Amino acid sequence: QVQVAESGGGSVKAGGSLRLSCVASGSPFTIIKTTWYRQAPGRQREEVASIQENGGTSLLASVQGRFAISRDDAKNAVDLQMSSLKPEDAGVYYCRAFGVAHTTGRTFDVWGQGTRVTVMS
């Protein structure tokens, strides 16, 4: 069984920075894709950034130039570096991992519990 857990959320003033981390753990696995989502109160969850096994990345248009996603395979971690934060970036940020479990050969698709980001204007 594979799990992911987010960390790094908190409160920051507009213009500030935060670094979120998503760490996967459990049975031997290969992560094919990790995606960060966010959900603000009263709004639908939206995809913010993703990184593929081959290193390919994707960023939401509104965060390009401010956010960056990276992967540390040694730590089974995917980080989301957020800079020049705006109040509209606030919300709960979730990590989602899609991959293959080595012991069963079956795919998995798991979500973390989320970490809250507050941006004060």
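Threonine 35 stands opposite arginine 96 in E9. The model is a predicted one, in which local features need pLDDT of at least 70 and side-chain atom pairs count only at pLDDT 80 or more, whereas totals for chains, interfaces and linings use all residues. Residues are numbered from 1 along each chain as its sequence is written, and side-chain values use heavy atoms, with hydrogens and water left out.

Strands here are DSSP runs of type E with at least two residues, numbered from the N terminus, and two strands pair if DSSP finds at least two bridges between them. On this basis strand E4 (residues 29-39) pairs with strand E9 (residues 91-101) in the antiparallel sense over 10 bridges. E4 is also joined, through six bridges, to the antiparallel strand E5 (residues 46-52), and E5 in turn has three bridges to strand E6 (residues 57-59), again running antiparallel. The table gives individual bridge partners.

| Residue | Bridge partner | Strand of the partner |
|---|---|---|
| lysine 33 | glutamine 52 | E5 |
| threonine 34 | isoleucine 51 | E5 |

Threonine 35, found in strand E4, counts as buried because its relative accessibility is 4%. Not counting residues up to four places away in sequence, threonine 35 touches Glu47, Ala49, Ser50, Tyr94, Cys95 and Arg96. Glutamine 52, which lies in strand E5, has a relative accessibility of 31% and therefore counts as partly exposed.

A nonpolar core is a set of buried Ala, Val, Leu, Ile, Met, Phe, Trp, Tyr and Cys residues joined through side-chain atoms within 4.5 Å. The largest one has 27 residues, of which Trp36, Phe67, Leu80, Met82 and Tyr93 touch the most other members. Beyond its neighbours within four places in sequence, tyrosine 93 is in contact with a set of residues including Leu20, Trp36, Val48, Phe67, Leu80 and Met82.

The largest pocket has a volume of about 210 Å³. Of the 14 residues that line this pocket, Phe29, Ile31, Arg71, Asp73 and Asn76 are the closest to its centre. Strand E3 (18-26), E4, strand E7 (67-72) and strand E8 (77-82) are the elements that give two or more residues to the lining, and the largest share, four residues, comes from E4. A pocket is an open set of points on a 1 Å grid over the protein atoms alone, where a 1.4 Å probe fits, with protein on both sides within 12 Å along at least five of seven lines, and lining residues have an atom within 4 Å of a point; the volume is the space filled by probe spheres set on the points.

How values were computed:
Buried < 20%, exposed > 50% of the residue type's maximum accessible area, 1.4 Å probe, protein only. Contact = heavy atoms within 4.5 Å.
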